[in-house]
2 protein chains.
Amino acid sequence: MKTRSFLTVMALLAFFACNAQTPRSDKDAVLDNILTRASVRSFTSKAVEPEKVETMLRSGMAAPTAMNKQAWHFVVVTDKTKLKAIQQYESPLAIVVCGDTMKGKDLWIADASLASENILLTAHALGLGAVWTAVYPREETIQNVRKTLQLPDHLIPVNTIIIGYPAADPQVKDKWNPENISYNTYGGKK
Amino acid sequence: MKTRSFLTVMALLAFFACNAQTPRSDKDAVLDNILTRASVRSFTSKAVEPEKVETMLRSGMAAPTAMNKQAWHFVVVTDKTKLKAIQQYESPLAIVVCGDTMKGKDLWIADASLASENILLTAHALGLGAVWTAVYPREETIQNVRKTLQLPDHLIPVNTIIIGYPAADPQVKDKWNPENISYNTYGGKK
């Protein structure tokens, strides 16, 4: 009798433990991460762990690049004076994503941009908040970032991604708009 | 005795069923999807389901846009003649991602690029293969796509993402290179 009760409890426990995890599919996890990402501009003072910084950089460098030129360079900024000099928000971390004009000719903007989206998505997946703040093509902003980070001429800072632990839950924007879709020709319906 | 055996079997079954699922965290699913995505240029003839097309477009429009201008337009191409006219590979589907210069001034390239990376990642998550083929800034290619899809002047086709079910497992490129990272100043170490 005792063994039977024990086994019943074990079976029930195993059943509920299993259901409690309700593992969703990888596909759903990926889509949810894309659809719930939002721009975060307000952060706690908590530093971002170096492992998380590396994870974001690994994701960035997994983005496709035109003709595999990898026309990018990433500057990790944690120095407070430099952070203040290059961005208008207060964050413990910024990653400045640059295009490398020596490697990429005219396609470095795309290389840097795709890497940046991977970084934004990965920040969200890691429980961080982030926002792309534009640098290129504003000449004054480019010069300021270039001077602060001592960038050589062949690197063009495309953006400053500011990153940290979000101070509040950000509002997700619903940008879905079927008017922005055409089928086969401009204005063509499904 | 019979009940006990039954319960033992159930407990074991529940245990193994649970482990078989080895639900990984959402974070791991997201990272894995980013790190295992590869460019696919060779496809089966199987059409891409309309629900999957919509899922990719929803992901595209979930990307951040400069000052929320959403300076983008998406042309879904399934017409065989048009597909042949705008791309050098054979795929059942292409999504041409355009920047809208009326909405985005100088930041439409970034808007279109970030949406494109979301589309590429979503294609991968859905079991599809895809590759970004560049249109902008090549004037001749732009004119060809513009003519084929009857795009108005304010839309600039940034790329043609060709999509389909992969004909073979693509090779993932390892682009991780710590030399592409600086800390606080160009060339600065961790």
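Tutor: Gladly! Two strands pair if DSSP finds at least two bridges between them. Helices (H or I, at least four residues) and strands (E, at least two) are DSSP runs, numbered from the N terminus. This is a predicted model, where local features need pLDDT of at least 70, side-chain atom pairs count only at pLDDT 80 or more, and totals for chains, interfaces and linings use all residues. Residues are numbered from 1 along each chain as its sequence is written, while chains are lettered from A and ligands numbered from 1 in the order in which they are written.

Student: Which residue stands opposite Asp100(B) in β4(B)?

Tutor: That is Leu155(B). Strand β2 (residues 93–100) of chain B and β4(B) run antiparallel, joined by 8 bridges. Strand β3 (residues 129–134) of chain B is also antiparallel to β4(B), with 6 bridges between them. There, Thr133(B) faces Thr160(B) of β4(B).

Student: How many residues of strand β4 (residues 155–164) of chain B are buried?

Tutor: A residue is buried if 20 or more other C-beta atoms lie within 10 Å of its own, exposed if 12 or fewer, and partly exposed in between, with C-beta atoms placed from the backbone. In β4 of chain B, 10 of the 10 residues are buried.

Student: How are two copies of a chain related?

Tutor: By a rotation about an axis and a shift along it. Copies are superposed by least squares on the C-alpha atoms of residues with pLDDT of at least 70 in both. Here, a rotation of 180° with 0.0 Å of shift along its axis places chain B on chain A, with RMSD 0.1 Å. The two copies are therefore related as by a two-fold rotation axis.
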